Structure formats: structure tokens, C-alpha cells
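Dear colleague,

I am handing over the structure below, together with a short account of what was found in it. Please look it over before reading on.

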Amino acid sequence: MATSRRIFLRGAVASALAWPLGLHAQDAGSLSSRLFQHGVASGDPLPDRVMLWTRITSPPTRSAIGPIAVRWLVAEDEKLSRIVAQGDAPAAPERDFTVKVDAGGLRPGRQYFYAFDAGGQRSPIGRTKTLPADGATRLRLAIASCANYPAGYFNAYRGIANRTDLDLVLHLGDYIYEFADGVYGDSQSIGRAPLPAGEASTLADYRLRYAIYRSDPDLQEVHRVHPFVVVWDDHEIANDTWSGGAQNHGAAQGDWATRLAAAYRAYVEWLPIRETPGAGMRLYRDFRLGGLADLIMLDTRSTRDRQVVTGNLAELAGPRRTLLGAAQEAWLFDRLRTSTREGAPWRLLGQQMLFAALSPKGQPLTPDLWEGYPAARRRVLDFLAAEKIRDMAVLTGDLHSSWAVDVAPNPWGAAGAPDAQPIAVEVVTPAISSPPLFADAAFRAHVLQVRAGAPHVKYLSGDANGYVLLDVTRDRLQADYFVVPTVRTHLDMESRAARFICERGSARLVSA
Ligand SMILES: [Fe+2]
């Protein structure tokens, strides 16, 4: 890229001197005022650092533009006067002009404010928080999943954004949906067009899809005020993804490996994830939450074997079938063992698919549950039992409904039988705006029938959108299920639908 075609912008002193040839001063002005249209975000906090994110929004001529200089700063105060860290980070076309900074040298358990400068413009001022050092007495996490832009307004994101008491937002996937307009939500119903109009399958498609989602003011605001820890589900790639393909992938979408790589690249460009150089495509990672809990984030999609066709019980039972893949499974076991040995009161598993059993005869309702991978599920259960790992909460997205479930190896076992005793709990968060599970009346009847025969399912509601607020102390977990009255209109309103508490040592969720 010839130097004459680059733009070098340096904070407030940046000038229009170096705008690319062909851009008039007037264009430069409008470019300047449009530089931060996708807001700011922070994520993957540690006690001494946090990832900061922004994107330089460009004019139509952006393809001719080289890297754009961006300055970032972190301060203790909202006016950004007590600066504690700062630096430069280019916005490069190779990364869709997204900027990610691992801002270090921070103090644990502190709120910070941050911003980016480029082209004489300042981004919105973000607020973030480092993780506490060991000795924390309380944590609060909001748990979100399944935001469908054309299907509904992100009112639930606004509810999370309104909170001032959070340490983190956990996003368990389906941050976007790859579908073409009209397949699952459409641009006509409430006027939210999921560009591109066709199905997202190329790098350019995924980037544009993220850009549209991130144009939403509620999503921008929740990112602006809270750090996120995210992991993907299938729709950041294609419906019902497995390691070698997806239900929603065929010859028309080209080579699978190319599509998966494009989806991953756009995901890590647009989300404030700390990437590990040389690690390839890896999203599983863990966080030590103030010595109160260890948060273990799992990728159950890109690593799993292909789903078994319903009814093929012989293949379903295959002892080598994997959900996490060998490397991630070994890592999970190591993390759980270490967490227990080091005495963390709680282990939190952030992941996508329902872990608890629903089918006494081992015939999963759908292959997209851990029950669809019985050998993999059994290996986890056996490990938990063998290592005496307790006080674990599985945090699950994907189901577009709210669940509180006690997890036992055999919840239908005789009372008093060892394998009938719960060893963990599971909290499923409702969708932000995807159609709730019970929007389909037939599914509603079917699932409620299943629930009637599943005494370990303490709560199931599939009528509304919302999120879960998880409050953690040394002695108990508390899950509050918040719902919004509608996603068909833009509304700032929520209510608490349920509260469940798990006392440490009990492995049982109790309505409170
Ligand atoms: Fe979803």
C-alpha cells in the first residue's frame, strides 16, 4: 500500500492533510463525524487488564484506504482526566477496521472509563471493570444469548445496560443469525433488515451482518457500559454447526473449512475477545472470578461430531463420539480439577447445549442437546463423580426459554440411589429477541409433556424474551430470570419472572 494512499490520524491533532486522493475536504469532514458508528466495547477482563474494542466506520471509498491510526486511553474517571493507560492501535482494512487493545497495568475490581481518538473525533466513552482479586464476597453476572435482529428489538440488552451492579455480561452465543432475510425474522415485520439480504456465508457477509447488529443502540449501549465474556453458538457460523459442516451449509455456500474460518475471523474481529496468537481457532478459555468462582467457557459447536439422525440409537451410543473434541475435553477436566483443588467455592460452565437429561430412555428430543452425545456426557458425569467435583452450575443458552434444572446422572433413579442424587445445577437463559420456544404451539405441548416426567426440571418458561441475572456469594448462587413484555416495539421495561437459589453443597435449585 503506497504511503500516499494511507491515512494517518493522530488523536485530536489529526488533520485532513492525508485524506486519500479524491476525497474533498467536505467528504473528509463527514468521514470524521462518522468514525465511531459502531460504538465501543470491552471484554475478557482480568484483575489487571481488559480488552477494549472499537471500529473505524468508513466512507464508501474505504477499499482504497490503508491503516488508520487510532489512539486509546483508559482513565479512572468519566471525564478521562486521570489517565492510567494509553497507546496507539491501528485500524487496518485486514481486520475490517476493527481495533482491539489489551489494556494492562490496571488494578483489580476497579471501574474504569475508556475512549478512542481518531481523525479529530472521540468515540463514545466506555465504562468497564476489571475482575476482582481473590477475596471477593459477591459477583453479579448477566447471562444472555440468542439475539435475532430482524425478529425483535433488543429490549433485553437495554435492561442489562441499565444495570449498574454487574461485574460481567456472559454471552453464550447466537450473537447474530446467519439466515437470509425472511428465513427466521424478516425485514418487513418491524423494519429491521438483517443485511446482507442473503444468507451470511463469506467473510464480507459475516462482517456486514455484525455491522448491522452493532448499529443497534441497545446492543451498543450494553457493550459500552459492561465488559463481555462471549462464546459462539451455531448461528455465528451456520445452523446446527458440527466440526465438518452444518445443517445450513451446502454446495452453494462453498467449502466448509473456508466458511468456518471466515465466520471465526469476523467473530474475533467484532467481539472483544482476547485472542491467543498461534492457537488457531480456539474460543474455550477460563476466568478466575475473585476467588469466588471459576468461569469456564466452552465451545460445543465447532468441535463436535456430526449429529446422529434421530432414532439411530446404535450410532448415538458410539463410545468415541465427542462434543468438545479431545483437546477441549482434557482442558475442561484439568480446569475443573484445578478449580476444586484450589478451593474455589463455585465452578460456572458457560456453554450452549442443555446438559441435564430429559429422556429417561436415552432418546434425545433433538440431537442438539448433550443427550445427543451420550458418551461425551457420561465422561463428564463420571469425571465429576470420580474427582468429587461439586458446586458447579452449567450456564446454557440456545433454547430460547428459561430453565432451572438439577443435574443428576440418573434423575429418574430410585430415591436414595447414588446416581439419582444431583451433582450440579443448570440455568438456561431466555433469548434476547429470538422467537421464544413456546411461540410454536406444538413444541410447547411437547416440551411441557417432557417436563411433566422430569421432576428435576424445577422451572421452565418458554413464553418470553429476557436474560438471567446471576448473583454469586460464597454460600449460594441466585438466578433471577428477567423478561421483557415484548420485542415487537422498542421498549425499556422488564420484570422478574422467577428467582431460584442454590445453596452451596446442595446441588439443588429452589424457588425463592
Ligand atoms: Fe438461538
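Across the interface of domain 1 and domain 2, six salt bridges are found in this model, which is a predicted one. Arg-95 forms a salt bridge with Glu-275, and the closest N and O atoms of that pair are 2.9 Å apart. Polar contacts also cross the interface of domain 1 and domain 2, where 21 residue pairs are found, both residues of each being at pLDDT 80 or more.

As for where the touching side of domain 1 comes from, strand 1 (40–46), strand 2 (49–55), strand 5 (98–103) and strand 8 (126–129) each supply at least two of its residues, and the largest share, seven residues, comes from strand 1. Sorted by class, the side of domain 1 that touches domain 2 consists of eleven nonpolar, eight polar and ten charged residues.

In terms of contact, 29 residues of domain 1 meet 28 residues of domain 2. The area buried between domain 1 and domain 2 comes to about 2300 Å², with carbon and sulfur atoms giving 45% of it. Within domain 1, the residues that lose the most area to domain 2 are His-38, Asp-44 and Arg-127, which together account for 28% of what that side buries.

With best regards

Technical notes: Residues numbered from 1 in each chain as written. Predicted model: local features only at pLDDT ≥ 70, side-chain atom pairs only at ≥ 80, totals over all residues. Heavy atoms only, no water. Contact = heavy atoms within 4.5 Å. Buried area = accessible area lost by both parts, 1.4 Å probe. Salt bridge = Lys/Arg side-chain N within 4 Å of Asp/Glu carboxyl O. Polar contact = N/O pair within 3.5 Å; in protein donor to acceptor, adjacent residues only side chain to side chain. Helix = DSSP H or I, 4+ residues; strand = E, 2+ residues; numbered from the N terminus. Nonpolar A, V, L, I, M, F, W, Y, C, P; charged D, E, K, R; others polar.
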